[in-house]
Amino acid sequence: MHPLVHGPRSAAALILLLLSACSRAQPPLPTSVDVADPTQPMREMETVENFSEEVADRLLALGDDLMKRDFVALSNTFAEDFAGHGLGGLAEKDRTGLPLGAERAAYDVGSARILGREAFLADLQALVSPWSRVELGLWKVKGAEFQVGATPLWGKIRLYLDFIGDLPRGGREELTGWAFARVERRGGAWQLVRLQLESAERARIEVCPFA
């Protein structure tokens with residue numbers, strides 16, 4: 001079975017690993033990253049919409065950083081105690097042929113590793129490093145609930161992930177998936193604290209037929 005594509009780590013990934021070596025000791029990783037529902041979800045629609053827009057704007061900047069491959073800036077959106085399912089190294093479940101020689105593969109998210117912040121970002125960097133260009137780095141908010149009276153304020157976010165890149169020989173690859181995330185507003189900024197992967201697929205065409 002093919003794992004979800006991994007490429008060589010870049011200098012940016014090395015910087016992240018060096019930063020992690022210099023940072024304070026990290027708490028042990030949890031044995032699971034199941035994102036819990038708020039026990040007292042907010043019902044004030046305007047407040048929920050405002051918080052959702054704040055999170056969406058934060059993740060829009062995250063996508064821009066991914067397109068620039070600026071993994072040092074990208075790390076600011078992830079909490080120091082972040083834990084989430086890695087997007088790379090997933091076991092393949094099935095593969096389907098598509099027109100024009102393309103193919104689509106679905107992956108078993110049960111095989112996902114639980115990673116801390118630096119390891120998750122290095123894993124993501126390795127995933128997109130084979131691409132000559134990152135065309136899209138979408139972290140799309142599709143739903144949100146927030147806990148009433150929580151300190152810090154937190155919410156459960158439904159995310160759609162869509163990353164598209166150009167392959168060096170002219171083909172293209174698209175990685176898509178669904179996830180739940182726990183976000184917390186710390187120091188006035190929203191950060192990702194947990195990422196629970198629900199599905200992952202890869203579509204790939206080796207050479208663009210219209211080139």
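These notebook entries record what I looked up in one predicted structure.

**Entry 1. Ground rules**

I noted that this is a predicted model in which local features need pLDDT of at least 70 and side-chain atom pairs count only at pLDDT 80 or more, while totals for chains, interfaces and linings use all residues. Residues are numbered from 1 along each chain as its sequence is written, and side-chain values use heavy atoms, with hydrogens and water left out.

**Entry 2. Strand 8 and its partners**

I began with strand 8 (residues 189–205). Strands are DSSP runs of E with at least two residues, helices are runs of H or I with at least four, and both are numbered from the N terminus. I took two strands as paired if DSSP finds at least two bridges between them.

Strand 1 (residues 78–85) runs parallel to strand 8, with 3 bridges joining them. Here alanine 83 has arginine 194 in strand 8 as its bridge partner.

Strand 3 (residues 103–108) pairs with strand 8 in the antiparallel sense over 4 bridges. Arginine 104 stands opposite alanine 203 of strand 8.

**Entry 3. Strand 2 and strand 3**

Next I looked at strand 2 (residues 91–97), which pairs with strand 3 in the antiparallel sense over 6 bridges. Glutamate 92 stands opposite tyrosine 107 in strand 3. The hairpin of these strands has 5 residues between them, and leucine 100 takes a positive phi near 65 degrees.

**Entry 4. Aromatic rings**

I counted rings of Phe, Tyr and Trp (its six-membered ring) as a pair if their centres lie within 6.5 Å; planes under 30 degrees apart are stacked, over 60 edge-to-face, and the rest tilted. The structure holds 9 aromatic pairs.

In one of them, tryptophan 139 and phenylalanine 163 have ring centres 5.4 Å apart and planes at 50 degrees, so the pair is tilted. Tryptophan 139 lies in strand 5 and phenylalanine 163 in strand 6 (residues 154–166), so the pair ties together parts 24 residues apart in sequence. Tryptophan 139 is buried at a relative accessible area of 3%, and phenylalanine 163 is buried at 2%.

I then looked up tyrosine 160 and tryptophan 178, whose ring centres are 5.0 Å apart with planes at 50 degrees, so this pair is tilted. Tryptophan 178 counts as partly exposed, at 29% relative accessibility.

One aromatic cluster is formed by Phe78, Phe82, Phe120, Trp139 and Phe163.

**Entry 5. Charges over rings**

The charged end of lysine 156 sits over the ring of phenylalanine 180, 4.4 Å from its centre. Arginine 182 lies over the face of tryptophan 154, at 4.0 Å from the ring centre.

**Entry 6. The largest pocket**

I used a 1 Å grid over the protein atoms alone: a cavity is a set of points where a 1.4 Å probe fits but cannot get out, a pocket is an open set with protein on both sides within 12 Å along at least five of seven lines, and lining residues have an atom within 4 Å of a point. Points are joined across faces, edges and corners, and a volume is the space filled by probe spheres set on them.

How much space lies in the largest pocket? I recorded about 180 Å³. It is lined by 13 residues, and the closest to its centre are Ala56, Leu59, Leu60, Leu138 and Trp139. Helix 2 (45–68) and strand 5 (133–146) are the elements that give two or more residues to this lining.

Terms used: Buried means under 20% relative accessible area, exposed over 50%, partly exposed in between (1.4 Å probe, protein chains only). A charge sits over a ring if NZ of Lys or CZ of Arg is within 6 Å of the ring centre and within 35 degrees of the ring normal.
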